[in-house]
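Hi,

Here is the structure I promised to pass on. My notes on it follow below.

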Amino acid sequence: MIYAFQNANSDGTISNQDSIVDPTSGFGFLQKFVALKTKSPSTKFLVSIGGWSAGSNVLSSIAGSLMKRSTFIQNINTFLMLNRFDGIDLNWQVYLNSK
């Protein structure tokens, strides 16, 4: 199962793409999603980072900088461990300008 979406920020950090799903909002959607693991322990739970509305500039910027990549990887690992996800889906949308 894939939880969509988290943002990749230009400094390599990760944040919620929609404030309503933020763990501090009181809705707890992220926690409710991961809690489904107790009902289906063999199911893999992934988090999708990026997406159509995120654009491609931020991930391109992260990919082009060793320091940002390192920060991004560390933040992904922390996020996965804290929220008990099994992995990520890097949803890097690349826009091409057709002329």
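Val-94 sits in the segment that follows strand 4 (87-91); strands here are DSSP runs of E with at least two residues, helices are runs of H or I with at least four, and both are numbered from the N terminus. Val-94 is exposed, at 57% relative accessible area (exposed is over 50%, buried under 20%, partly exposed in between, with a 1.4 Å probe and protein chains only).

This is a predicted model, in which local features need pLDDT of at least 70 and side-chain atom pairs count only at pLDDT 80 or more, while totals for chains, interfaces and linings use all residues. Residues are numbered from 1 along each chain as its sequence is written, and side-chain values use heavy atoms, with hydrogens and water left out.

Now to the aromatic rings. Searching the whole structure gives five aromatic pairs (ring centres within 6.5 Å, using the six-membered ring of Trp; planes under 30 degrees apart are stacked, over 60 edge-to-face, the rest tilted). Phe-33 and Phe-45 make an edge-to-face pair, because their ring centres are 5.3 Å apart and their planes stand at 80 degrees. Phe-33 belongs to helix 1 (residues 29-35) and Phe-45 to the loop between helix 1 and strand 3 (46-50), so the pair ties together parts twelve residues apart in sequence. Both of these residues, Phe-33 and Phe-45, are buried.

With centres 5.7 Å apart and planes at 20 degrees, the rings of Phe-79 and Phe-85 are stacked. Phe-79 and Phe-85 are buried too. Ring pairs join Tyr-3, Phe-33, Phe-45, Phe-79 and Phe-85 in a cluster.

Best wishes
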